[in-house]
Amino acid sequence: MINVGVVGCGSIARKRHATEYLANLDVNILGFNDHYNERADYMTKEFGGKVYDSVDEMFADPSIDAVSICAANAFHADLTIKALNSGKHVLCEKPMAITLKDCEDMVAAAHKNNKQLMIGHNQRLSLAHIKAKQILDSGELGRVISFSTTFGHQGPEMWGIDKSADTWFFKKSSAAFGSMADLGIHKIDLLIYLISGHVTKVYADLTTLDKKFTDGTMIEVDDNSVSILTFDNGTIGTVTTSWTYYGEESNATILYCEKGIIRLYANPTYSLEIIYSDNTKVHYELDKIQTNVDDIQTSSGVIDMFIDGVVRDEKTVLDGAIALESMKVVFACLKSSEEGRPIIM
Ligand SMILES: NC(=O)c1ccc[n+]([C@@H]2O[C@H](COP(=O)([O-])OP(=O)(O)OC[C@H]3O[C@@H](n4cnc5c(N)ncnc54)[C@H](O)[C@@H]3O)[C@@H](O)[C@H]2O)c1
């Protein structure tokens, strides 16, 4: 059995980590920690285990094998490195950390301590994305020439546990990033996975257009962005993110290949559609994308993969070193927008 603890007891800890740990027969939940003890207390009543009054107390507990880091972005690196140095395996939520150095230090700490470090890039594990990867790797559609991908919803203030426009997600000190890194990281990581290539150039524009704190001032991070990514094989496309899609979420990725088009989560019924160049169409009804807004939280597979990786002592597609490559693209996009120029990677 793997004994786990969870740090940060907000929405993602409740809806995904604790729920999926509880469902995993190889897991014992030993306890929870949060800045707010009452949130940890709520989790123990719902999922078992005890309240750890501090992370130091949790990380010092020799019976804990593995921890989930579900705190605000700015704390990911410190908590992760502390846990790894205490001999724990770590599953850390995305975005991995708020500086490139922090991300690199996390990977180095996992390596030094010979522990698993995984990042919650759950889009790699959704059924339509897995099927698309198989189709692309088989070569039947040829190479991806271009793409467009979008991740937009009505904003994290509707999702996070605070349910307030003064959420930490909107502050530089706690979130560091806005929609581009919060949502774009999922799609950048997915594209690198599907295309099996490396991003060599980015040109991004991040902007804050609509979100306001309760006092009426604009939030401190971007609420919309568009980034152009170029891959080493020449594949080019756009990553669009938004926290201002009021009404309906968009989570669609479209890959334009040499012999046809793959549409992912672009159709509410068919999560994977292929339109071949002779106009024949194949539809797959596989799954619905996990969405925060509609509260569709079927098992993400992330927690099971983490536990499996720990049990087998094997690296997975969610490994921290792999996530580092996606984060480098995120940081390049931020730099591109700040400096108003393309960044060669
Ligand atoms: N993989 C995904 O699709 C996905 C979806 C949503 C959120 N997330 C990520 O998960 C993380 C948490 O997001 P959330 O939506 O659960 O936010 P949330 O606001 O609902 O919950 C965060 C919780 O962490 C606690 N916390 C913050 N810093 C802490 C610290 N240093 N120590 C202990 N507790 C701390 C807060 O008190 C709060 O209860 C974020 O990094 C977010 O980007 C990932």
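## Helices H4 and H5

Helix H4 and helix H5 (residues 100–113) pack at an angle of about 10 degrees, with their axes 9 Å apart. Axes here are lines fitted to C-alpha atoms, for helices over the stretch in contact, and angles run from 0 to 180 degrees between N-to-C directions. On the H4 side the contact uses His76, Ala77, Thr80, Ile81, Leu84 and Asn85, and on the H5 side Asp102, Asp105, Met106, Ala109, Ala110, Lys112 and Asn113. Contact means heavy atoms within 4.5 Å. Sorted by type, the residues of this H4–H5 contact come out as 6 nonpolar, 4 polar and 3 charged (Ala, Val, Leu, Ile, Met, Phe, Trp, Tyr, Cys and Pro count as nonpolar, Asp, Glu, Lys and Arg as charged, and the others, Gly among them, as polar).

Aspartate 78 also sits in H4, which spans residues 76–85. Aspartate 78 is exposed, at a relative accessible area of 60% (exposed is over 50%, buried under 20%, partly exposed in between, with a 1.4 Å probe and protein chains only).

## About the model

This is a predicted model, where local features need pLDDT of at least 70 and side-chain atom pairs count only at pLDDT 80 or more, while totals for chains, interfaces and linings use all residues. Residues are numbered from 1 along each chain as its sequence is written, and side-chain values use heavy atoms, with hydrogens and water left out.

An open sheet of 6 strands runs in the order S3-S2-S1-S4-S5-S6, with parallel pairing. Two strands pair if DSSP finds at least two bridges between them. At the edges are S3 (50–51) and S6, each pairing on one side only. S2 and S3 are joined in the parallel sense over 2 bridges, and phenylalanine 32 stands opposite valine 51 in S3.

H9 packs on this sheet, touching S1, S2, S4, S5 and S6, and its direction makes about 160 degrees with that of S5. In H9 (residues 302–312), the buried residues are Val302, Ile303, Phe306, Ile307, Gly309 and Val310. Looking down the H9 axis, these fall within an arc of 160 degrees, so they line one face of the helix; the arc is that of the directions from the helix axis to the C-beta atoms. Just after H9, aspartate 313 takes a positive phi of about 55 degrees.

## S13 and its partners

In strand S13 (residues 272–276), 4 of the 5 residues are buried, so the strand is largely enclosed by the rest of the structure. S13 pairs with S12 (residues 260–264) in the antiparallel sense over 5 bridges, with glycine 260 opposite tyrosine 276.

S13 is also joined to S14 (residues 281–284) by 4 bridges, again antiparallel, and isoleucine 274 stands opposite valine 282. S13 and S14 form a hairpin with 4 residues between them, and asparagine 279 in the turn has a positive phi of about 80 degrees.
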